[in-house]
Amino acid sequence: MTDKQDNGPDQAAIEAVAGYLSKASRVAVLTGAGISKESGIPTFRDAQTGLWANFNPEELATPQGFMKDPPMVWQWYDYRRKLLMDAQPNPGHCALVDLENVVPKLTVITQNIDGLHQKAGSKDVVELHGSIISFFCFDKRHPAVDVPFELKEPPKCTVCGSMIRPGVVWFGEALPHEALERAIKECESSDVVLVVGTSGLVQPAASLPIMALRRNAKVVDVNPEATAISDLAHVFLKAPSGSVLPQVVSALQRLKAKTS
Ligand code: BV8
């Protein structure tokens, strides 16, 4: 595709994306762990710090991993949940809130479980992989509330007695039906889809940009590293989302001011 960038975003690429957005009536944004990196949250495939350095997160984030060692998996999520409590949205999250106020309709579809889009003020957020601050029991998914920090092992469900687990989607588990349906509908009906901070490795989320391309949406990849999506995108903004998304929003605001 003619206007893709592979040497970092120059102003022309940013203006091109602003041009797409100025004509869009519906915009979808698919985000991954990368958008939270500048809030101090390690991405999913970063070398895990501390105790987790020797474990593959894709083994920990599974029902089998949890059943094999409930205290260890529980403590891994407790460590991540604590990290998130102090985390603040960064300029990338905030730029999406600004964008929501400039385009007619914007939906954030996130693979992240950190709640930072909602903390930033995004009004329409679809959580594909659940949330680290929600809990339900392993056997029957009875909801659990007020789960304290620092527990060494999973508490038990007060209804059925099975272990409480984080309310996230583990590998090998189906995504919440309504969230996935909504994400597909938005990606198939949006004029522009921004793909921000994802390695594009995890399915079925990674197929959403392909579905958008099939419906002739303009797809923009925002990532400091090239991914499988970068090559398919109309524009590849090779930069951290916290620095380039505010530039895109400013360029759009200038464009709107000129044409109003
Ligand atoms: C399912 C919650 C079926 C838990 C997560 C084909 C079709 C269907 C399934 C599969 C398939 N092939 C394989 C599968 C199975 C599997 C899968 O995709 N495996 C992969 C590894 C190959 N998929 C599943 O199991 C899914 N379930 O399909 O079920 C089914 C159907 C019916 C009945 C039963 C089953 C479930 C997947 C969900 C797993 N849960 N999270 C938790 O977090 O603990 S996924 C996890 O990875 C996170 O949510 C994370 O968001 C997600 C994706 O990773 P990324 O977000 O992309 O993060 P990553 O670290 O990889 O990349 C970060 C990027 O940011 C990098 O590119 C980096 O360059 C960039 N970056 C860095 N800094 C910045 C930046 N970008 C911008 N700015 C910066 N500053």
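Which strands does helix H8 lie across? Helix H8 (residues 177-189) lies across S1, S2, S3 and S7, and runs at about 130 degrees to S2. Helices (H or I, at least four residues) and strands (E, at least two) are DSSP runs numbered from the N terminus. Axes are lines fitted to C-alpha atoms, for helices over the stretch in contact, and angles run from 0 to 180 degrees between N-to-C directions.

This is a predicted model, in which local features need pLDDT of at least 70 and side-chain atom pairs count only at pLDDT 80 or more, while totals for chains, interfaces and linings use all residues. Residues are numbered from 1 along each chain as its sequence is written, and side-chain values use heavy atoms, with hydrogens and water left out.

The sheet is open and has 6 strands in the order S3-S2-S1-S7-S8-S9, with parallel pairing; two strands pair if DSSP finds at least two bridges between them. Strand S3 (125-127) and strand S9 (235-237) stand at the edges with a single partner strand each, so one side of each has no neighbour in the sheet. On average, neighbouring strands are turned by 20 degrees against each other, direction ignored. S2 (residues 106-110) is joined to S3 by 3 bridges, and Thr110 stands opposite Glu127 in S3.

Helix H6 (residues 91-100) also lies across part of this sheet, namely strand S1 (27-31), S2 and strand S7 (192-196), at about 150 degrees to S2. H6 packs with H11 at an angle of about 20 degrees, the axes being 7 Å apart. The two are therefore roughly parallel, a term for angles under 35 degrees.

Val17 and Leu21 of H1 are among the residues making the contact, as are Val248 and Leu252 of H11.

The largest nonpolar core has 32 residues, and those with the most contacts inside it include Val17, Leu21, Leu99 and Leu194. Such a core is a set of buried Ala, Val, Leu, Ile, Met, Phe, Trp, Tyr and Cys residues joined through side-chain atoms within 4.5 Å, where buried means under 20% relative accessible area (1.4 Å probe, protein chains only). Among the elements that each supply at least two residues of this core are H1, H6, S7 and H11.

Note on methods
Contact means heavy atoms within 4.5 Å. Buried means under 20% relative accessible area, exposed over 50%, partly exposed in between (1.4 Å probe, protein chains only). Angles under 35 degrees count as roughly parallel, over 145 as roughly antiparallel, 65 to 115 as roughly perpendicular and the rest as oblique.
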